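Subject: Structure handover

Hello,

Below is the structure I said I would pass on. My notes on what was found in it follow.

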Amino acid sequence: MEKKKLLIITYYFPPAGGPGVQRWLKFVKYLPEFDVQPIVYIPENPTYPIVDEGLVSEISDKVIVLKNKIWEPYQLASVFSKNKTKKIASGIMPNKKKQSFLDKLFLWVRGNLFIPDARVFWVKPSVAYLEKYIKENNIDTIVTSGPPHSLHLIGLELKQKLNVKWFADFRDPWTTIGYHKALRLSSYAERKHKKLEHKVLNFADMVIVTSKTTKTEFQAITDKPISVITNGYDVENVEKQVLDTKFTLAHIGSFLSDRNPKFLWECLVELLNEIPDFKSHLEIKLIGAVSQEVLDSITEFNLNSNLNLLGYVSHHEAIAHQKKSQVLLLIEINSEDTKSIIPGKLFEYMVSNRPIIAIGPEGSDFADIIKETNTGTFFNYSEKAKLKSVILDFYNQFLEGSLQAHGVGLQQYSRKNLTRQLAQLIKE
């Protein structure tokens, strides 16, 4: 039987690093097993804030990859400040109180001149290129993955021109995501974002989201069917790890300014003062981009001597650290806007066999997942006493050599299982 062809329009694909690349890299890996031929369309010369060459080897040999040139203003902006451009491109916004004139200018330009985002100039050339390809290759189904949400505009135009079946996949929300408010939007720009979001949600044949809260938000905007397919974990070829000899609290991924959990640092300082040996055992291990505000807080609480700052590592190394760290930290911004965010690394954390300390706003979607799978403990930002008690309990288990997680029901979040769900939707 001939496989169904699926055109996947995405910006992030290896050698891009970071969390945005994993979702469709893994879907593409498993789709052929469910009789779907993936065809991936990506930029030929992208400006990726993070590069991980090791992920290139994970691209399925059954996928067809199409590339087309892109022009991005980040390429021009980096002439003025490469560091600021890279941070904004990866979603790391400068602290509002400490923004320089250049910071404010960059944010205003990004938010008001490039709507919905700085990849908007790829829309027209992509539509022209893909319209021809779709006709010549008899493709009837496409998926667009955002952010960047400009890619949904490619899907919108192709839908209007060719009447293909179109799935709009939202890895993150559009106008309700935390950093959206930091873009210094004019009322005109805000209205335009809302209008484009409404148009995409109402023209797509189906919307795919990663959390229940995003589904609820979108249901207020569209009557189109919305399916929740979360991110997940894959079977990783990482050798067995020897656990860290220190009591490591490891955060893996971008540690943004607004995620700064000061009550966690307070708990650690109190335990350092109360337990004589805690100082010699504690290690705060931060892997990935860390904002200056977080580092300043760690300094303010005199925790620098316990800090191990490793910077960005490959995905393979990150998985190894997840398996050997004593405790894994998952921290989300304390905001109503972030309840729907389920960090992709959660699912890799869950199968690492290490207990998770998760911090976020009350009612977070990922709190339910952690509770259902028995993989850690969730805390809102007012639960300092509870957090301190759990850290102490984990520390005592560490001393006894018995610290580990006891996860249940994890198979539902395997990448293969999630791809099965996707394939069923595509074939309906």
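Predicted model: local features only at pLDDT ≥ 70, side-chain atom pairs only at ≥ 80, totals over all residues.

Overall picture

The protein has 428 residues, and 56% of them are buried. Its secondary structure consists of 16 helices and 13 strands. Taking the contacts with a separation of 6 or more, 76% are between residues 24 or more positions apart. The accessible surface is about 18,500 Å², with carbon and sulfur atoms contributing 52% of that area.

Salt bridges

The count is 21 salt bridges. Three of them are described here.

Lys212 and Asp368 form a salt bridge through their side chains, with an N to O distance of 3.8 Å. Lys212 belongs to helix α8 (residues 212-219) and Asp368 to helix α14 (residues 365-373), so that distant parts of the chain, 156 residues apart, are linked by the pair. Asp368 has a relative accessibility of 35% and therefore counts as partly exposed.

Arg259 and Glu332 form another salt bridge, and their closest N and O atoms are 3.5 Å apart. Arg259 is in the loop between β8 (247-252) and α9 (262-274), while Glu332 is in the loop between β11 (327-331) and α13 (345-350), so the pair ties together parts 73 residues apart in sequence. Are these two residues buried or exposed? Both Arg259 and Glu332 are buried.

In the third, the side chains of Glu270 and Lys384 meet at 2.5 Å, N to O. Glu270 is in helix α9 and Lys384 in helix α15 (residues 384-400), which puts the partners 114 residues apart, in distant parts of the chain. Glu270 is partly exposed, as its relative accessible area is 24%. Lys384 is also partly exposed, at 26%. Both residues take part in a network of salt bridges that links Glu266, Glu270, Glu274, Lys384 and Lys388.

Aromatic pairs

There are 18 aromatic pairs by count. In one of them, the ring centres of Phe255 and Trp265 are 6.3 Å apart and the planes are at 40°, so the pair is tilted. Phe255 is in the loop between β8 and α9, and Trp265 is in helix α9, 10 residues apart. Phe255 counts as buried because its relative accessibility is 1%, under the 20% cut-off. Trp265 is buried as well, with a relative accessibility of 0%.

Phe347 and Tyr413 are a second tilted pair, with ring centres 5.2 Å apart and planes at 40°. Phe347 lies in helix α13 and Tyr413 in the loop between α15 and α16 (415-427), so this pair ties together parts that are 66 residues apart in sequence. Phe347 is buried at 1% relative accessibility, and Tyr413 is buried at 8%.

Ring pairs also join Phe247, Phe278, Tyr395 and Phe398 into a cluster.

Gln326 and its surroundings

One member of that cluster, Phe398, is also among the residues in contact with Gln326. Gln326 lies in the loop between α12 (315-324) and β11. With a relative accessibility of 5%, Gln326 counts as buried. Which residues are in contact with Gln326, leaving aside its neighbours within four places in sequence? They are Leu243, Asp244, Lys246, Phe247, Thr248, Arg354, Pro355, Phe398 and Leu403. With Arg354 there is a polar contact of 3.2 Å between the side chains.

Helix α11

Helix α11 covers residues 292-300, and its buried residues are Glu293, Val294, Leu295, Ser297 and Ile298. The elements that cover these buried residues include α9, β9 (282-287) and β10 (307-311). Just after α11, Asn302 has a positive phi of about 55°.

Regards

Methods: Residues numbered from 1 in each chain as written. Heavy atoms only, no water. Salt bridge = Lys/Arg side-chain N within 4 Å of Asp/Glu carboxyl O. Helix = DSSP H or I, 4+ residues; strand = E, 2+ residues; numbered from the N terminus. Buried < 20%, exposed > 50% of the residue type's maximum accessible area, 1.4 Å probe, protein only. Contact = heavy atoms within 4.5 Å. Areas by Shrake-Rupley, 256 points an atom, 1.4 Å probe, with all protein chains shown as cover. Polar contact = N/O pair within 3.5 Å; in protein donor to acceptor, adjacent residues only side chain to side chain. Phe/Tyr/Trp six-rings, centres within 6.5 Å; stacked < 30°, edge-to-face > 60°.
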